[in-house]
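Thank you all for making time this morning.

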Amino acid sequence: MVGILTVFVFILLIHNNFAKTILVEELTKWTLRNKTSSLRIDVPRLPSGVYTALKDTYGDILDPGNDVSLRWIANQSWIYSTSFNSAELGLDSHINLTLHGIDTVSKVHLNGALLGQTDNMFVRYSFAIGHLLLPSPSQNILEIEILSPLQEASRRARELEDLGVVTGPISCPRARGDVECHRNHLRKMQMSFGGEWNPAALSLGIWKPVVVEYYVVAVFRDVDVAIKRNDSHWTMDCRAFLSTHASENFYAQLVVNANELLDDRYVLNQQLVSIDSPVIEFKIHIPKDRVILWWPNGYGKQKLYPVLFSVKCYTSEDRHTLSSRTESQKLLKIGFRTIELVEDTDHIGRTFFFRVNGHPIFMKGANYVPAHTLPELSADADADFSPRPEPMVSTPSLGVPESGKNLSNNPQSLNYGDVHFWDDKDGFSPETYPHARFVSEFGYSSLPMKSTWQRALADSADDSDLEIARLIRSRQHDPKGFIPILQLIAHQLPFVPQNWDEDIEKFIYFSQVAQAMATKTALEVFRSLRTGNHTMGALMWQLNDVWVAPTWSCIDFYGNPKLLYYWTKELLAPTSVIALYDNNSNNLNITLTREDFSEHRDSQLYYVLVNTYLWTDLIPKKTIARAFGLGSNNLEMRQIPLEYLLYENHLKEELFLEIILEDEYGNSVARNFFYPVPLNKIIGIKDPELTLEVEGQDCKAATSPYANSFSLRITVRYPALLVYLELVHPYYVKERHRFSTNGFTQTQPKKTIHLVFESDTVCMTLTTDHIKVQTINQYLI
């Protein structure tokens, strides 16, 4: 009986321990030195870059002037080195050194032998190293010499020039803030070379993990899933990518676990894998009733399903020996949706819009740039799934049908593809904007708030307006300088911009007001052109910043929202009311738009109320109402003569309009304002006699974690135009915080705004002295 039990336990152990997970050891502790070894420092962790590693010694590259004074770092070669023990050495094992991201051109040596070279920042490099490893306790020495990106780009350019090959612009494109040349000669993050919104900071380093992998046959690298649908099933069209240094074809078993989607696990047995193309292709069919659709924001929920892919690899059909390292896994979160780019011929040219789950979608939002100019400090986020789209040749473009070897001479055609819109005309006028099929870039620049500039100067003994102005000038990289900002302000706002450096706060405020107002006009024009799929996308440039500078961003480098960011909540809301003036007809075009999805025919009743206010009174002098019946993903426009909206004998300069959208139950859905004349032409505006009260928690009674939320009660006696709130507390201003809204026109006597801080470790107290309030009123009186 005991013998039988022993045999049973032995068989059970064989069954349970047949495969071991591939061993992956990350190399984290490194030493960095220059080529002459005159400078050597420890690097305690990855990811790392030379600029980051030298920060404590030479300063942050984003400190004032360092983008220029530290340029010498990118003119040298640098060597990262580390040592490690061999975890497992065996005759039947493979061992890889895998570099997931090297920036950019490097030579890799192990124990004095050259393993290979890298010259592409965006790919993974893997080298077989089993034949070079030393048995423990001997230490293996790994060195990665990263060559100067400046010198390497120049060298490659000269080589081609000597051969008479022209590969790019003959002269180096120069901007006001300096850019480095020959960016097109390196497969490197192009923003490293500098530009209109970012510094020249030619990063070099190890920006993703470096690992040693111990395995028998192959490593499971990635899995790519494309989603398809028919009348009864969803299909996950999958490709599992393996990496191997094997000399012969091998076998694999693949198992997929998806409890929410499948009753049983999916198993693919005895799959023969070619070493020339180690990819496993397979399809998994899922009944439609098991799936909740993934929708873009505003159209529905973003449901994601966890799916675990597991691969075991063997050298023969008989599988492998006990406890071999043959198994590796990947976990994906997968959303089920169809997406197609629709480019159908119509009476204008060709459409250019995306249909998601069979539903046309108006794309709106903002272009995102890397979170930091140094890649090692940017978040490393992978895509949850890959839809395998056909690539566009360029942007702007004429669309996929006209993509080919030669780029179009007119990629900015309004009738095809996508366009970029950059124009110095009056950004407040609806007539300025193109009636294009898809606007993939447009925007206006502005300055971050004053406390952000002061924070950028934190290590400086002088953060006066003079120093801030000097920093602003040095960070202005637009070849046109401040001209676009100043011209935009001059069109409509009460600010004489020529001597902006004499009143920094005023310049900052009006730059943000101008950016928000012009962008609002643009978005409203583009959204109002959705009928017949005429214009089906508008993407603002840009969401975020990589340093403190005058840029096109909605959020500054420290995460503080600009005025435009606050406005986007209403500007991009699925259901909105738009008011645009038609200069030719002297009509106010009121457009009601719904950008959402309903499974059934869904027509809802809405009311649009237009209130006519004088600048001297909080009570509207006139109100007209219009009823709208509007279905899902639809829009309707009504024209109202502007004369009909005026009040008695008052001039346009003396009044403004408030447009309120209500549902059939009288609930407010959206709100908009229309100013009939440029703000600098307003007549009769009064001091709103604004008062501010601040209420927060009682720190004597509060306990950690602290709810650092404040109510700001704003009281006015007259209409207040574009009320702008700014935190000026000397310490709390560095804490991430948001107002519930900002840059608003107040027509009610009392309004409550909420100010919320992310930090909950210290109980905060604020007074009215810590909140600076500006309005356009004070500059017009």
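Predicted model: local features only at pLDDT ≥ 70, side-chain atom pairs only at ≥ 80, totals over all residues.

Let me begin with Arg530, which, leaving out residues up to four places away in sequence, touches Phe362, Thr535, Met536, Thr593, Arg594, Glu595, Asn633, Asn634 and Leu635, where contact means heavy atoms within 4.5 Å. Residues are numbered from 1 along each chain as its sequence is written, and side-chain values use heavy atoms, with hydrogens and water left out.

Arg530 is found in the loop between helix 9 and strand 28, the strand of residues 537-541; helices (H or I, at least four residues) and strands (E, at least two) are DSSP runs, numbered from the N terminus. Is Arg530 buried or exposed? Its relative accessibility is 6%, so Arg530 counts as buried, given that buried means under 20% relative accessible area, exposed over 50%, and partly exposed in between, with a 1.4 Å probe and protein chains only. The side chain of Arg530 has a polar contact of 2.8 Å with the side chain of Thr593, and it also reaches the backbone oxygen of Arg594 at 3.0 Å. A polar contact here is a pair of N or O atoms within 3.5 Å; within protein, one must be able to donate a hydrogen and the other to accept it, and residues adjacent in sequence count only if both atoms are side-chain atoms.

The axes are lines fitted to C-alpha atoms, for helices over the stretch in contact, and the angles run from 0 to 180 degrees between N-to-C directions. Angles under 35 degrees count as roughly parallel, over 145 as roughly antiparallel, 65 to 115 as roughly perpendicular, and the rest as oblique.

Which residues of helix 10 meet helix 9? They are Leu563, Leu564, Trp567, Glu570 and Leu571, and on the helix 9 side the residues include Gln512, Ala516, Lys520 and Arg527. The residues of this contact between helix 9 and helix 10 divide into 8 nonpolar, 3 polar and 4 charged. In that division, Ala, Val, Leu, Ile, Met, Phe, Trp, Tyr, Cys and Pro count as nonpolar, Asp, Glu, Lys and Arg as charged, and the others, Gly among them, as polar.

Helix 9 also packs with helix 8 (residues 483-492), at an angle of about 80° and with the axes 9 Å apart, so helix 8 is roughly perpendicular to helix 9. From helix 8 the contact is made by Ile485, Leu486, Leu488, Ile489 and Gln492, and from helix 9 by residues including Phe507, Phe510 and Ser511. The contact of helix 8 with helix 9 divides into 9 nonpolar, 3 polar and no charged residues.

Ser511 deserves a moment of its own: this residue of helix 9 counts as buried at 1% relative accessibility. Apart from neighbours within four places in sequence, Ser511 is in contact with Ser445, Ser446, Leu447, Ile485 and Ile489. Tyr613, in strand 31 (residues 603-614), is buried, with a relative accessible area of 5%, and its side chain makes a polar contact of 3.2 Å with the side chain of Glu658. Gln302, by contrast, lies in the loop between strand 19 (279-287) and strand 20 (305-314) and is partly exposed, with a relative accessible area of 39%. A polar atom of the Gln302 side chain lies 2.9 Å from the backbone oxygen of Gly300.
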